[in-house]
Amino acid sequence: MNDIYEHTSVIELMYDSDGEALLVEMEEPTSYQEAAGYVEWTKAMDKDIQSFEKNKTWKLCQLRVGHRPIRLKWVFKLKKNSDGEVVKHKARLVSKGYVQKKGVDFDEVFAPVARLDTVRLILAMVANRGWQVHHLDVKSAFLHGELDEEVYVKQPEGYEVKGKENHVLRLSKALYGLRQAPRAWNLRLDRYLKKLKFRRCASEQGVYIRGE
Amino acid sequence: MYVDDLIVTREDPAEIGEFKRQMTNEFEMSDLGLLSYYLGIEVGQYKDFTTVKQTCYAKKILEQFGTVQCSKVPYGTTCKTA
């Protein structure tokens with residue numbers, strides 16, 4: 001029985017404009033064209049675009065000679081709760097960073113992360129002293145990363161500016177999929193933590209210390 | 001820190017709170033409170049002791065390799081000093 005449940009996709013009852021009931025299989029679209037017809041997905045894309053505008057991620061301009069714009073792609077995800085009910089439609093614009101060339105579109109990609117041993121060590125020290133450990137998460141971290149390189153992307157599908165269809169977007173902040181996105185984020189975080197008087201541990205770059 | 005996931009500790013909890021405020025001023029953050037799960041490690045923080053385990057991670061590995069149903073064999077984990 002469980003097997004049948006697991007292998008049957010969710011069917012949702014939808015009504016079209018004439019009030020006729022339609023049986024529609026709710027799946028994740030794989031392209032803009034597939035998603036464009038659905039209000040929920042259109043809303044999700046609008047929301048993503050708004051966050052880029054709020055974040056001042058890009059500026060519409062003409063492509064400078066010698067540069068190539070990176071293509072963008074919409075990725076769609078259904079968020080479900082533990083009962084398998086759809087709770088959110090999520091659309092995320094990603095760049096096809098795999099076409100980027102080192103030295104042209106980006107220089108460095110390395111971003112340090114803490115090692116598992118370090119985490120265990122910190123937990124052991126903290127347990128020994130009876131301190132508390134708290135947990136924080138930065139929302140859409142990569143989108144905070146500021147870019148040093150000149151990176152252009154094509155306008156996102158469905159959101160081309162009328163009359164300026166052949167213009168491109170010059171990025172000032174990173175997008176998901178961009179090769180330098182992790183590093184750009186790390187530099188931004190590093191700068192801010194240092195401003196807060198943190199010192200980066202020389203032998204383990206994922207660790208910062210403040211005070212003594 | 002692990003990309004966008006970070007843990008913080010300090011003797012004085014008020015200073016942890018201050019750090020959270022400083023981070024929230026600059027970035028959009030989720031405060032996940034007292035640490036309970038980080039990089040696959042399950043953490044329990046109690047009044048007099050702390051626990052760490054990787055039960056979920058171990059189960060995931062067993063599932064991945066289709067060995068969930070295999071019989072269990074005791075394996076020595078006690079440390080011995082020479």
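## Salt bridge between the chains

B:Glu26 and A:Arg188 are joined by a salt bridge in which the closest N and O atoms are 2.8 Å apart. The model is predicted. Between chain A and chain B the count is 1 salt bridge.

## Helix 5 of chain A

Helix 5 of chain A comprises 15 residues, 181–195, and spans 21 Å from its first C-alpha to its last, close to the 21 Å expected at 1.5 Å a residue.

After the helix comes A:Lys197, which has a positive phi, near 70°.

## Interface of chain A and chain B

Contact between the chains involves 33 residues of chain A and 37 residues of chain B. The buried area is about 3800 Å², with carbon and sulfur atoms giving 62% of it. On the chain A side, A:His134, A:His135 and A:Leu136 lose the most area to chain B, together 22% of what that side buries.

Across this interface, 20 residue pairs are in polar contact. Helix 4 (116–129), strand 6, helix 5 and strand 10 of chain A each contribute at least two residues to the side that touches chain B. The residues of that side comprise 22 nonpolar, 6 polar and 5 charged.

Methods. Residues are numbered from 1 along each chain as its sequence is written. Chains are lettered from A and ligands numbered from 1 in the order in which they are written. This is a predicted model: local features need pLDDT of at least 70, side-chain atom pairs count only at pLDDT 80 or more; totals for chains, interfaces and linings use all residues. Side-chain values use heavy atoms; hydrogens and water are left out. Helices (H or I, at least four residues) and strands (E, at least two) are DSSP runs, numbered from the N terminus. The expected span of a helix is 1.5 Å times one less than its number of residues. Contact means heavy atoms within 4.5 Å. Buried area is the accessible area (1.4 Å probe) that two parts lose on being put together, summed over both. A salt bridge is a side-chain nitrogen of Lys or Arg within 4 Å of a carboxyl oxygen of Asp or Glu. A polar contact is a pair of N or O atoms within 3.5 Å; within protein, one must be able to donate a hydrogen and the other to accept it, and residues adjacent in sequence count only if both atoms are side-chain atoms. Ala, Val, Leu, Ile, Met, Phe, Trp, Tyr, Cys and Pro count as nonpolar, Asp, Glu, Lys and Arg as charged, and the others, Gly among them, as polar.
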